[in-house]
Amino acid sequence: MTQVLGATVTGSAAPVTDARGRLRPGLNPFSTGLPGRAHRGPLARRPVRVAVGLVVPVILVAVWQWVTTTGLAAPYQLPSPASVWTAAVDLAERGLLGPYVAISTQRVLLGFLVGAALGLAVGSLVGLSRVAGALLEPVLGAVRAVPSLAWVPLLILWMKIGEDSKITLIAIGAFFPVYTTVVAALRHVDAHLVEAGRAYGLRGPRLLAGVQLPAALPSVVAGLRLAMAQSWLFLVAAELIASSMGLGFLLMDSGNNGRVDRMILAIVLLALLGKSTDALIGLAEKSLLRRWA
C-alpha cells in the first residue's frame, strides 16, 4: 500500500481513496468518473431502450409509406417501402445482395482496424511526447484537412484499382478521429494517476496500457465510434469511383440506371450496417468499463 499525494493506492486497478477511506473517482484510473448509483427507471432495462429506439424509425417508415401512397412524391423520385423491399429480394435472388454487403463490410472492418491501430499508436506518441507533438502535429493537421475524394486518384495511381487502394482510403478515414481523440484525452489525464502508476514502477508502454489509456477510455471509445462512421463514409467514396462490387458500387450503378429503389436500398443498408458496427463498439466499451471501472 502506497501513499500518493494524500491518497491511498491499493493497486493499479484498485480505487483510490482519500484520508477518510472515501472513493475518489477522479483519481481512479479505471473509474468512469461517475458515482456508483444504481440506475433506476424503465429506460435502465435494455428491452425498453430497444423498443423506444424503434419508435422514430417506425414513424419514419409510416410517413414514407403515407407520402408515397397519397401521391405527394412521384414513384420515380421516392419509391414506396414495398418497392425497396422488392428490389432487395430481387438482388438477393440474383445472388448479388449478399456479396455486396459482405465485401463492403470486409473492406470497412479491415480499413478500420488498420487506421484505428495506427491512430492509437501515433496519438499516444503525440499525446505523451512534446517533441513528437511539435514534429507531427502540424503535418497531420494539414493532412486531416484533405477531402476523402482527393486521395482516390492518387491511391489508384499508386496501388491500382484493387482492394489495397480501397482499404488504404478507409484506413485514412479511420485514422484521424482516433488520433485526435487519443491525443486530447492523454493530455488531460490526471497527473495524480500517472504519479501513482510510476510509484508502482510502471514506465513507458506499461504505464500507457495500465493507467493512461484506461483513464482515457471513454474518449478513446468515442474516437473509435467516430472512426467507424468515417470508415463507412470513406468506403462509399472508394466504391463510387473504383469498384465493381459493394454497396457504393450499387449506389452509383443504380443512379446511372435510374433505379431509385436500389439507391434507397443501398442507403438503408449502409445505415443499418453502420449502426450495427457502432453497437458492437458500444458492447466492447461496456466490457472494458466493467473490467477497468
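**Stop one: salt bridges**

Start by selecting Asp261 and Arg259: their side chains form a salt bridge, with the closest N and O atoms 2.9 Å apart. (A salt bridge here is a side-chain nitrogen of Lys or Arg within 4 Å of a carboxyl oxygen of Asp or Glu.) Asp261 is buried, at 13% relative accessible area, while Arg259 is partly exposed at 32%. Buried means under 20% relative accessible area, exposed over 50%, and partly exposed in between, with a 1.4 Å probe and protein chains only.

A word on what you are looking at: this is a predicted model, so to speak of local features pLDDT must be at least 70, side-chain atom pairs count only at pLDDT 80 or more, and totals for chains, interfaces and linings use all residues. Residues are numbered from 1 along each chain as its sequence is written, and side-chain values use heavy atoms, with hydrogens and water left out.

How many salt bridges does the structure hold? Seven. Next, pick Asp90 and Arg94, whose side chains meet in one at 3.4 Å, N to O. Asp90 is partly exposed at 23% relative accessibility, and Arg94 is exposed at 54%.

Now jump to Arg187 and Glu137, another salt-bridged pair, at 3.1 Å from N to O. Arg187 sits in helix α7 (residues 163–187) and Glu137 in helix α5 (residues 130–144), so this pair ties together parts 50 residues apart in sequence. (Helices are DSSP runs of H or I with at least four residues, strands are E runs of at least two, and both are numbered from the N terminus.) Both ends count as partly exposed: Arg187 at 43% relative accessibility and Glu137 at 33%.

**Stop two: the largest pocket**

Helix α12 has the largest share, with 13 residues. By class, the lining has 19 nonpolar, two polar and six charged residues.

**Stop three: a nonpolar patch**

Show the surface and select Val55, Val56, Ile59, Leu60, Val63, Trp66 and Leu72. Together they form a nonpolar surface patch with about 710 Å² of accessible area. (Patch members have over 30% relative accessible area and no salt bridge, and nonpolar side chains are joined within 5 Å.) Zoom in on Val63, which lies in helix α2 (residues 55–69) and is partly exposed at 43% relative accessibility.

**Last stops**

Where does Lys160 lie? Look in the loop between α6 (148–159) and α7. Lys160 has a phi near 65°, a positive value in a residue other than glycine, and counts as exposed at 56% relative accessibility.

Finish with Leu213 in helix α9 (residues 204–215). Leu213 is buried at 18% relative accessible area. Draw a C-alpha to C-alpha distance from Leu213 to Ala185: these residues are 28 apart in sequence and 8.5 Å apart in space.

Technical notes
Patch = residues over 30% accessible without salt bridge, like charges linked within 9 Å, V, L, I, M, F, W, Y side chains within 5 Å. Areas by Shrake-Rupley, 256 points an atom, 1.4 Å probe, with all protein chains shown as cover. Nonpolar A, V, L, I, M, F, W, Y, C, P; charged D, E, K, R; others polar.
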